[in-house]
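Here's a quick tour of one protein model, written for someone who likes to know the cut-offs behind the words. Have the viewer open and follow along.

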Amino acid sequence: MNARVAAIAERYGARYRQISVWYTGGVRIANAAVAGLIPRTREIFVTDWLLHRLDDDEVEGVLAHELGHIKHRHLWVYLLFSFSYFGTYVLVFGALRTSLPAVLTRGVVGPILLVASFFYL
């Protein structure tokens, strides 16, 4: 399997350090993920349940999908999105804090609003 995935990665120029099994402790989660922005530290994780439930061709397809994230630099896009989201979040709450200081600084309304907005912003 590793050789097949390495051949796909080489063909498309998707570099990674290794593929690791993500042991879920008996939890039935079929998933895979890529971690690491720099190729020499980048790993592809595959859950043990995914390896248990899918045949080799299906696992190869999942790993090819993860290689696509590497090839198209999705990790950098996700990082940019996260910083943009956080920056917007800070700006919105900075604006609310100056326009509604009593609501955000007293009682439980402020913390509730803060937590709720994180999920809806």
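## A loop residue to start with

R73 sits in the loop between α3 and α4. Helices here are DSSP runs of H or I with at least four residues, strands are runs of E with at least two, and both are numbered from the N terminus. The phi of R73 is positive, about 55°, although R73 is not a glycine. For context, most residues other than glycine have a negative phi. R73 is also exposed, with a relative accessible area of 57%; buried means under 20%, exposed over 50%, and partly exposed in between (1.4 Å probe, protein chains only).

A word on provenance: this is a predicted model, where local features need pLDDT of at least 70 and side-chain atom pairs count only at pLDDT 80 or more, while totals for chains, interfaces and linings use all residues. Residues are numbered from 1 along each chain as its sequence is written, and side-chain values use heavy atoms, with hydrogens and water left out.

## The overall layout

The chain has six helices and three strands, and they come in the order α-β-β-β-α-α-α-α-α along the sequence. Of its 121 residues, 24% count as buried. The accessible surface comes to about 8600 Å², with 64% of that belonging to carbon and sulfur atoms; these areas come from the Shrake-Rupley method with a 1.4 Å probe, and for residues only the protein chains shown count as cover.

Take the contacts (heavy atoms within 4.5 Å) with a separation of 6 or more: residues 24 or more positions apart account for 53% of them.

## The nonpolar core

Which residues of the largest nonpolar core touch the most other members? They are Y16, I44, V46, L63, L67 and I70, out of 15 residues in that core. Elements giving two or more residues are α1 (2–12), β2 (32–35), β3 (43–47) and α3 (56–71), and α3 supplies the largest share, four residues. A core here is a set of buried Ala, Val, Leu, Ile, Met, Phe, Trp, Tyr and Cys residues joined through side-chain atoms within 4.5 Å.

Leaving out residues up to four places away in sequence, V46 touches I19, S20, V21, W22, N31, A32, L51 and L63. L63 also makes a handy distance check: A6 and L63 are 57 residues apart in sequence and 10.0 Å apart in space, C-alpha to C-alpha. A6 belongs to helix α1 and is partly exposed at 35% relative accessible area.

F81 and Y85 make it up, tilted, at 6.2 Å centre to centre with 35° between the planes. Rings of Phe, Tyr and Trp (its six-membered ring) pair if their centres lie within 6.5 Å; planes under 30 degrees apart count as stacked, over 60 as edge-to-face and the rest as tilted. The two are four residues apart in helix α4 (residues 74–99), so about one helical turn separates them. F81 is exposed at 57% relative accessibility, while Y85 is partly exposed at 22%.

## Two more spots to look at

Setting aside residues up to four places away in sequence, H69 touches H74, L75 and Y78.

Finally, find Y23 in the loop between β1 (18–22) and β2. Y23 counts as exposed, at 65% relative accessibility.
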